[in-house]
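I opened this entry to record what I looked up in one model. My notes follow in the order in which I took them.

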Amino acid sequence: MVGLGGAWLKVKEGSLNVTDDVTGDMTFVGVNANAGGGLAYYFNPQFSINFRAVYRFTMFLNRDKNDIHGDGGNIDGGGINLRAGVAYTF
């Protein structure tokens, strides 16, 4: 499994001025990519357990506050996502 997407993060009251007073909302925009795989074990045609691992890379390219634009800074939005589950078909 592979994928590409967009990342958007809005932090309410998350912008600071030089005196550390909160001055408004900050919006970060970027891109992400992911890759992973999984497996399923079927005990019978109706019941299975499954496992999945996905690595996600996210890079924020720019930030906006009150129409003032800048680079995205160094925000790490990536990581490894592990998931396990069971499935039953009626």
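I looked up burial for the protein: buried residues make up 16% of its 90 residues. Buried here means under 20% relative accessible area, exposed over 50%, and partly exposed in between, with a 1.4 Å probe and protein chains only.

I noted that this is a predicted model, in which local features need pLDDT of at least 70, side-chain atom pairs count only at pLDDT 80 or more, and totals for chains, interfaces and linings use all residues. Residues are numbered from 1 along each chain as its sequence is written, and side-chain values use heavy atoms, with hydrogens and water left out.

Next I checked secondary structure and found 0 helices and 5 strands. Helices (H or I, at least four residues) and strands (E, at least two) are DSSP runs, numbered from the N terminus.

I then turned to Ser48, which lies in strand 3 (residues 47–65). Ser48 counts as buried because its relative accessibility is 4%. Leaving out residues up to four places away in sequence, I listed Tyr41, Tyr42, Phe43, Gly85, Val86 and Ala87 as touching Ser48. Contact means heavy atoms within 4.5 Å.

I also looked up Val29, placed in strand 2 (residues 22–44). Val29 has 31% relative accessibility, so Val29 counts as partly exposed. Beyond its neighbours within four places in sequence, Val29 is in contact with Ala7, Trp8, Phe60, Leu61 and Asn62. I recorded a C-alpha to C-alpha distance of 7.6 Å between Val29 and Gly6, which are 23 residues apart in sequence.
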